[in-house]
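Dear colleague,

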Amino acid sequence: MDRNRVTRWVGSSLCLTLLLLAFTKLDKVSASEDEERLVRDLFRGYNKLIRPVQNMTQKVGVRFGLAFVQLINVNEKNQIMKSNVWLRLVWYDYQLQWDEADYGGIGVLRLPPDKVWKPDIVLFNNADGNYEVRYKSNVLIYPTGEVLWVPPAIYQSSCTIDVTYFPFDQQTCIMKFGSWTFNGDQVSLALYNNKNFVDLSDYWKSGTWDIIEVPAYLNVYEGDGNHPTETDITFYIIIRRKTLFYTVNLILPTVLISFLCVLVFYLPAEAGEKVISNHSVFTYIYTAHIPQIFLYIAFNINIFVSSAIGGKQSKMEVMELSDLHHPNCKINRKVNSGAELGGIGDQCRRESESSDSILLSPEASKATEAVEFIAEHLRNEDLYIQTREDWKYVAMVIDRLQLYIFFIVTTAGTVGILMDAPHIFEYVDQDRIIEIYRGK
């Protein structure tokens, strides 16, 4: 008895399952047939080459919007912004209308874009050879005749780049869209959903740039008897460079190296490393060729070279005093100028000539000359050492004075150059900006 009940229960369940599958298959077949019938009815006699208007004097209104998805790259050298965007185009086609009740409640059709008429909207400031979208996505057709097309695209748009304040620069790039062949009396543009900004709902934040503002403007150029009305939409992408990377890897090392030059003034005046040590450091930094950093480095080098010349000149004057080491010179006084140095030479020659005129025996003469040479050499050595130390002291005083001048001018120049850069201390809350410009 229990076995019979189980058998009947299993049989009933199997029948019910088969019935459900059958009804599902019938619904699918019915839905497929309705959609096929709808497409056949809609496109019977449809010409995608003709503007969808009942009267040629009418215009096709196209609502156009831009969703900024990713800032791929900003090429400062070629002045190109590469971006990943999604276009949004909406227009009405009176030939693509139907009653949902007549076609199984179908509320939307998804068809390839080459099946319907599309406005030829292109990016006017395109810097790439490809003016078309990246992927020909389906168009969505609604019973009212509304057509929605959201194709993705990767554009390379021309953008004027100003790197005067690098790396604290802010750039304004535009993307200007319009119909390539239709004038404003044939295809009239309007902002999508009346949103006068770029949609950032799906934006992926960049690691190099922050988006500051993304306004959009509809431009209407009224025509006259000779020129038709023209319309286009310009989207502004205002971006600001993130400075953390450049501050850590470029600005701080440059500033620290510049202030390290202060220590060079503690080297002796006759040391040749005063110029060599700084030249080797700045030669490496010159390879960057960055306008603002280049200006800063050139500013410091000019100050340093002018300071180093003073020390070098003092060294040369000390070397000239070595001419006092003359074996026949008997003058023991401090030399104060080049004129006195020449007079000393003449006087040394006169003394040498007078000493030669004294008649002595050869042995005595040699002994006398040896004693006089030793005595005069010791006196002149003392004079040379004293004079050299005096000039070294003068060079040290000049170095200390130049140290203070270099430090003050470098500090003022560093602060002045940095403060001249705009937006240097402004914080950018990227999440808040994305939330402001969020809107489908």
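In this predicted model, V255, S258 and F259 of helix α2 are in contact with F406, F407, T410, T411 and T414 of helix α6, where contact means heavy atoms within 4.5 Å. Helices here are DSSP runs (H or I, at least four residues), and strands likewise (E, at least two), numbered from the N terminus. The residues of this contact comprise four nonpolar, four polar and no charged; Ala, Val, Leu, Ile, Met, Phe, Trp, Tyr, Cys and Pro count as nonpolar, Asp, Glu, Lys and Arg as charged, and the others, Gly among them, as polar.

Helix α2 spans residues 244–260 and α6 residues 362–420; they pack at about 165°, with axes 10 Å apart. The axes are lines fitted to C-alpha atoms, for helices over the stretch in contact, and angles run from 0 to 180 degrees between N-to-C directions. The two helices are therefore roughly antiparallel (over 145 degrees; under 35 is roughly parallel, 65 to 115 roughly perpendicular and the rest oblique).

The structure also holds one disulfide (a pair of cysteine sulfur atoms within 2.5 Å). This joins C159 to C173, with an S to S distance of 1.9 Å. C159 lies in the loop between β7 (152–158) and β8 (170–179), and C173 in strand β8, 14 residues apart. The torsion about the S-S bond of C159 and C173 is about -75°, so the disulfide is left-handed.

Residues are numbered from 1 along each chain as its sequence is written, and side-chain values use heavy atoms, leaving out hydrogens and water. Local features need pLDDT of at least 70 and side-chain atom pairs count only at pLDDT 80 or more, whereas totals for chains, interfaces and linings use all residues.
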